[in-house]
Amino acid sequence: MTSYKELGLVNTKELFKKAVSGGYAIPAYNFNNMEQIQAIIQACVETRSPVILQVSSGARKYANQNILKNMAKGVVEYAHELGYDIPIVLHLDHGSSFELCKDCIETGFSSVMIDGSHFPYDENVALTRKVCDFAHSQKDYVTVEGELGVLAGVEDDVSSEHSHYTQPSEVIDFVSKTKVDSLAISIGTSHGRAKFKPSQCTRTPDGILIPPPLRFDILEEIEKKLPGFPIVLHGSSSVPIEYVHMIEKYGGKLTDSVGIPEEQLRKAAKSAVCKINIDSDGRLAMTAIIRKILVEKPEEFDPRNILGPARDELKKLYSHKNQNVLGSAGQA
Ligand code: G3H
Ligand code: 13P
Ligand code: ZN
């Protein structure tokens, strides 16, 4: 049993309070490997941003939970070495069971998500409450994110063809019965690089898909019901068209890619949305640079000369998000 405080990590409690009153969102970036976590920390230290490092079940399977935990511990020292101690959260993304959340808490995670959104309402409440009771009774309080409403696309072990928007009429009951510290909602975002079907979008003359707007009306209703309560947006990659074009130029095929426009995320970050989840954009940035190098330098076979520039591009992407989209720069 390790407490996150021994690793130099923090939970989300204070970070969310400041983010809600300050009108910005904390970046929640997924990581699976060393280059990703280095880029996240370099960008967040340079921009003086707090950060949530997210581990999905897929990441646990790929990289091993203990390795990931020790990487998070390592980057607390790395940030210090880079010259600035930013607040760092280690968070389980889309926890699918009580046992998984408990295991992560006992490993040293400072925050967990229990995703019961695909269960009937009462089961979601009971499961989320069970995780909160366990997490909150630890010697060092672990924060819990719950979810109401379903996002289209793949959420780790859970996938859904259609999204079901969060019903504002349920949020007060859910939050008071479960005791969650933050609530993920569904207002039109979804996971992955193709967030809408082309039939839901319009197209520019050069064929670029323009998505329908997020349901800010639902967000506003939720904020009225739960004033100042921390809200989370999943599926918030913008799917930059430059990366999609670069990947396709160098042999990839990513038909009908479309994300959430940055202005809409900026608008959401100014509201009670205080955590914005981004994974796919990082995947696109890395893949674009890796494909470019492999095509342009066929003689290259040192992975450091391939993954190093991909890491630099990732850092650029995360710095941009912190400064221009989430508004978290300067808040650490
Ligand atoms: O919510 C999904 C995240 O992007 C994690 O994806 O399960 O492929 O690691 P993954
Ligand atoms: P994206 O696929 O839009 O990056 O969303 C990531 C996410 O929500 C992780 O939980
Ligand atoms: Zn998610």
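Predicted model: local features only at pLDDT ≥ 70, side-chain atom pairs only at ≥ 80, totals over all residues.
Residues are numbered from 1 along each chain as its sequence is written, chains are lettered from A and ligands numbered from 1 in the order in which they are written, and side-chain values use heavy atoms, with hydrogens and water left out.

Helices (H or I, at least four residues) and strands (E, at least two) are DSSP runs, numbered from the N terminus. Both H94 and H234 are buried, where buried means under 20% relative accessible area, exposed over 50%, and partly exposed in between (1.4 Å probe, protein chains only).

H94 also takes part in the surroundings of ligand 2. An N or O atom in the side chain of H94 is 3.2 Å from an oxygen atom of ligand 2. A polar backbone atom of G192 lies 2.8 Å from an oxygen atom of this ligand, and for a backbone N or O atom of D279 the distance to a ligand 2 oxygen is 2.7 Å. A polar contact is a pair of N or O atoms within 3.5 Å; within protein, one must be able to donate a hydrogen and the other to accept it, and residues adjacent in sequence count only if both atoms are side-chain atoms. There are 16 residues around ligand 2, of which D93, K195, S237, D279 and S280 come nearest; a residue is near a molecule or strand if one of its heavy atoms lies within 4 Å of it.

The model has 2 cavities of 30 Å³ or more. On a 1 Å grid over the protein atoms alone, a cavity is a set of points where a 1.4 Å probe fits but cannot get out, and lining residues have an atom within 4 Å of a point. Grid points are joined across faces, edges and corners, and a volume is the space filled by probe spheres set on the points.

The largest cavity holds about 40 Å³ of space. Its lining is formed by T12, F16, H91, S111, T143, V144, E145, D181, S182 and K275. Strand β5 (residues 143-148) supplies the largest share of this lining, 3 residues. By class, 2 of the lining residues are nonpolar, 5 polar and 3 charged; Ala, Val, Leu, Ile, Met, Phe, Trp, Tyr, Cys and Pro count as nonpolar, Asp, Glu, Lys and Arg as charged, and the others, Gly among them, as polar. S182, one of the lining residues, lies in strand β8 (residues 182-185) and is buried, with a relative accessible area of 2%.

Q54 is placed in strand β2 (residues 51-55) and counts as buried at 0% relative accessibility. The side chains of Q54 and N30 make a polar contact of 3.0 Å.

Another side-chain pair involves S328, found in the segment after α12 (303-326). S328 is buried at 0% relative accessibility, and its side chain is joined to that of S49 by a polar contact of 2.8 Å.

N64, not a glycine, has a positive phi of about 85°; its place is the loop between α3 (57-63) and α4 (65-82), and at 38% relative accessibility N64 is partly exposed. D256, also a residue other than glycine, has a positive phi near 55°. D256 is located in the loop between α9 and α10 (262-269) and, at 30% relative accessibility, counts as partly exposed.

Definitions and conventions
1 Å grid on protein atoms, 1.4 Å probe; cavity = no way out; pocket = protein on both sides within 12 Å on 5 of 7 lines; lining within 4 Å.
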